[in-house]
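Here is a quick briefing on one protein. Look over the chain, then work through the points below.

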Amino acid sequence: MRLVLQLVARLLVIVALCLGAATVWATIDAYRSVDRATSASAERVSQALEALYWRELLLRSNRMREQLLPAPDWRTIETMGLIAPGICVQFEPAGAFEKPLCGQSKGIGKAPPHWFAATVQTVLGDHATVERPISARTATAGTVRAISDPEAAIALAWQHILDNIHVALLMALAIALLASLAIAHTLAPAHSIVSALRRMAEGEYRTPLPRVRSMDLAMIGRAVGDLGDRLAQAEEERTMLTRRLLEIRSDERRALARELHDEFGQNLTAILAFATTIEASAGDKYAAGTEIAQDARMISQATRRIIACLRDTLNRLRHPPAEELGLEASLVDLVDSWRSRTTQPMIQLDLQGDLADISGTVAATAYRIAQECLTNALRHSAAREIVLRIERRTGAENALLVRVEDDGGGDAAKVAQSAGFGLTGVSERVAALGGSLSIARASRGLSVAATIPLAA
């Protein structure tokens, strides 16, 4: 999952938890507000009845105080206005058949769900009854008792919760949206950093990054840039070292070719001459077909085969003719030489693009690739057809493609894992020029493809 989505998801979880906590707090506060309303209603009614009590006492001073109770005319509209909705007030001592005076409870809120009413009733318990004396100086003045209507209290709490939850939900959505936009905007440069890392994985080490305002992301961007510079420098050093090793190897190959030609070539030539002389001498002194003549003839034949093998080895050790004849002419000569040796498999040469100006190391490397792949295909497969394709790609790619395909079967994975010295050397040459080598499955056999940048 992307980092932005992870942060937004975590933010939504935090918002949901905060919303849940706000809901619990609103429930408790709404439920306790009923107790506060009960206490306030009792206080207001007691103060109103206290004034009524003392007025009656002063107007009817010839009466006993006990005869003033219950207070006359206390159940008025003014008194009801002092009682909060859902609260009922009872005057003590109560008169005969006197019912509590309750505040307006109709339309105070929607009917709450049964689970809410049961949960609140179970967790928070019942509301307490509040009693207030009519007069603190006269205990016989009576008492006001206030109690909440349970159904009205639950309805008020539910309506209070709905009002708070609507506001909290809108705020939570607004916070989540704005925070998500802020997170996305802050982490937008991370996409550029990831793209730069991917390009670095593909070999584009020096990749410029846009300027980042975030300090942490800017530090990461600088670290990525420094890493790219170090990788590019290491790649350049490795390429130079590989080229130097290839030059040393080429020098050693030329020295080895000279030694083989001078030492083995001359000695083999001498052996062949001696064997020819022995064969001729044995034929003159003795009857034709004697054992000495036959042995000398066999030595001559074996020597000629060794000389032919040595000549082929010397051709492979010396610099390829691509550096002297040009790539196109050297490839034609290579394919013709193989065709002159064998008629099976059939070798096809497909040249595409202008190859006239391709020379130097690139031409030598392309020739070595073609030479090695043709040799492997002829020696290690039962191919009936081999296609050597050389293609020059222009434009932004500007590279030379060398591909050798055969129909001799084979496992590409095994060939890639068990590549011998020939393919290993080819891979090193291609890597030294900044190219790539791949071994894959073709339609009926194997395909070895190398891409060599011409800028190299």
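**Strand pairing**

In β4, T143 is the bridge partner of P133. Keep in mind that this is a predicted model. The points below start with the sheet, move to one helix, and end with the whole protein.

*The sheet*
- Strands β3 and β4 (residues 143-148) pair in the antiparallel sense, over 4 bridges.
- They belong to an open sheet of 4 strands.
- Its order is β2-β1-β4-β3, and the pairing is antiparallel.
- Which strands form the edges? They are β2 (101-102) and β3 (130-133), and each pairs on one side only.

*Helix α3*
- Helix α3 spans residues 114-124, and its buried residues are F116, V120 and L124.
- These residues sit on the same side of α3, because they cover an arc of only 25 degrees around the axis.
- An α-helix has 3.6 residues a turn, so residues three or four places apart point the same way.
- The face turned away from the buried side of α3 carries exposed residues: H114, W115 and T122.
- After α3 comes G125, and the phi of G125 is positive, near 80 degrees.

*The whole protein*
- The protein has 12 helices and 9 strands.
- It has 456 residues, and 33% of them are buried.
- Take the contacts with a separation of 6 or more: 69% of them join residues 24 or more positions apart.
- The accessible surface comes to about 27500 Å². Carbon and sulfur atoms account for 58% of that surface.

How values were computed. Residues numbered from 1 in each chain as written. Predicted model: local features only at pLDDT ≥ 70, side-chain atom pairs only at ≥ 80, totals over all residues. Heavy atoms only, no water. Helix = DSSP H or I, 4+ residues; strand = E, 2+ residues; numbered from the N terminus. Buried < 20%, exposed > 50% of the residue type's maximum accessible area, 1.4 Å probe, protein only. Contact = heavy atoms within 4.5 Å. Areas by Shrake-Rupley, 256 points an atom, 1.4 Å probe, with all protein chains shown as cover. Pairing = 2+ DSSP bridges. Arc of directions from axis to C-beta.
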